[in-house]
Amino acid sequence: MHRLLKSAAALALGMAAFSALAQAWPAKPIRLVVPFPAGGPVDQTARALGAKVGTALGQNVLIDNKGGAGGLLGADAVAKAPADGYTLLFSSAGALAIVPHIVASMPYDPQKDLMAVTQALKVPAVLVVSSASPYKTFAELKAAATGPASKINYASAGSGTTPHLQAELLRREAGLTINHIPYRGAAPAITDILGGQVDMMMVDIPVALPFIQSGKLRALAVTNNRRIPVLKDVPTVAELGLPKAEAYNWYGMLAPARTPADIVARLYTSVGAALHSPELQKQFDQQGVEVVGSKPEEFGPFIAAESARWGALAKAVGAKLD
């Protein structure tokens with residue numbers, strides 16, 4: 001009985017300390033790890049969100065770019081960080097739903113070692129060709145890319161990246177015969193699309209949009225389930241008779257597993273308010289992305305479903321982390 005009372009007292013003290021930690025949070029700046037280099041769309045979104053979330057919470061949100069291994073290094077750093085709400089992750093789909101399926105071994109388990117806070121954005125992709133390309137429509141491209149005589153190739157940001165798998169999904173659904181040319185990042189891939197060295201590419205809309213709007217790239221299809229206002233003349237894959245080719249990237253916030261529920265709830269509320277602020281809503285509309293702001297209990301199962309979907313395709317096409 002004495003031991004039982006001591007255990008109960010220790011548990012009560014631990015819970016009290018846990019609650020006090022959550023109530024006092026945040027008492028110092030928060031580190032938001034972006035598992036990709038600075039300057040990309042994930043980094044830019046994290047900085048815009050971080051500034052507003054920091055203002056709401058009364059603390060600075062410091063962006064820590066920890067790129068490498070397709071986002072694995074940054075995500076691993078957060079998975080191993082103290083679960084105190086001071087180290088968070090802002091990532092796209094790759095590090096959480098694709099990379100675990102294309103590396104020999106994982107240093108963390110995204111389902112067990114990370115806690116979902118919210119899916120911030122849905123980021124559709126767009127199929128692009130050079131403005132000098134002879135293909136004015138998807139039907140024209142498909143005609144050239146069907147059958148054994150096809151010499152059409154496509155660029156990606158690298159093997160196992162979201163654009164790679166989105167293109168493979170389109171290939172499968174449309175019955176295309178196309179050859180994969182992997183690059184180290186979207187920028188050099190787009191450079192070769194512009195130069196005519198590669199025929200086509202699937203790419204996140206925010207990355208391609210400036211080139212489309214300047215007339216350097218031609219958009220043939222978007223992977224969303226409805227048209228994108230900033231690309232209102234571009235058909236969806238469903239409109240092209242390929243509803244199963246719908247696919248998109250996404251950005252979301254996560255914390256180390258066992259982060260106090262009170263802290264996760266405050267993060268969710270703060271991020272949601274920032275996402276729906278007039279300033280950021282306008283920015284996202286102009287980029288062609290969609291605000292989601294899902295609840296933690298929704299985002300976790302969503303990641304698991306995305307992991308199953310993309311993992312199966314990655315294995316089917318033999319994707320490997322470069």
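What volume does the second largest pocket have? Hi everyone, let's start there: about 170 Å³. Please keep in mind that this is a predicted model.

Who lines that second pocket? Pro 124, Asn 224, Arg 226, Arg 227, Ile 228, Pro 229, Asp 285, Gly 288, Val 289 and Glu 290 do. Sorted by class, that gives four nonpolar, two polar and four charged residues.

Now to the largest pocket, which holds about 940 Å³ of space. Its lining counts 38 residues, and those closest to the centre are Phe 36, Ala 157, Thr 161, Gly 185 and Ala 186. Helices H2, H4, H7 and H8, together with strands S7 and S9, each give two or more residues to the lining. H2 has the largest share, with three residues. In terms of class, this lining has 19 nonpolar, 15 polar and four charged residues.

Is H7 mostly covered or mostly open? Mostly covered: ten of its 13 residues are buried. Among them are Thr 162, Pro 163, His 164 and Leu 165. Just after the helix comes Gly 175, with a positive phi of about 70°.

Next, the largest nonpolar core. It has 31 residues, and the ones touching the most other members are Leu 49, Phe 90, Leu 121, Met 253, Leu 267 and Leu 275. Several elements supply at least two residues each, including H2, S9 and helix H10. Take Leu 275 as an example: beyond its neighbours within four places in sequence, its contacts include Leu 49, Leu 121, Phe 284 and Val 291.

Finally, a few backbone details to look for on your screens. Trp 25 and Pro 26 are joined by a cis peptide bond, with omega about 0°. You'll find Pro 26 in the loop between helix H1 and strand S1.

Two residues other than glycine also deserve a look. Ala 69 has a positive phi of about 55°, and sits in the loop between strand S2 and helix H3. Its relative accessibility is 32%, so Ala 69 counts as partly exposed. Arg 258 has a positive phi too, near 75°, and lies in the loop between S9 and H10. Here the relative accessibility is 63%, so Arg 258 counts as exposed.

Definitions and conventions. Residues are numbered from 1 along each chain as its sequence is written. This is a predicted model: local features need pLDDT of at least 70, side-chain atom pairs count only at pLDDT 80 or more; totals for chains, interfaces and linings use all residues. Side-chain values use heavy atoms; hydrogens and water are left out. On a 1 Å grid over the protein atoms alone, a cavity is a set of points where a 1.4 Å probe fits but cannot get out, and a pocket is an open set with protein on both sides within 12 Å along at least five of seven lines; lining residues have an atom within 4 Å of a point. Grid points are joined across faces, edges and corners, and a volume is the space filled by probe spheres set on the points. Helices (H or I, at least four residues) and strands (E, at least two) are DSSP runs, numbered from the N terminus. Ala, Val, Leu, Ile, Met, Phe, Trp, Tyr, Cys and Pro count as nonpolar, Asp, Glu, Lys and Arg as charged, and the others, Gly among them, as polar. A nonpolar core is a set of buried Ala, Val, Leu, Ile, Met, Phe, Trp, Tyr and Cys residues joined through side-chain atoms within 4.5 Å. Buried means under 20% relative accessible area, exposed over 50%, partly exposed in between (1.4 Å probe, protein chains only). Contact means heavy atoms within 4.5 Å.
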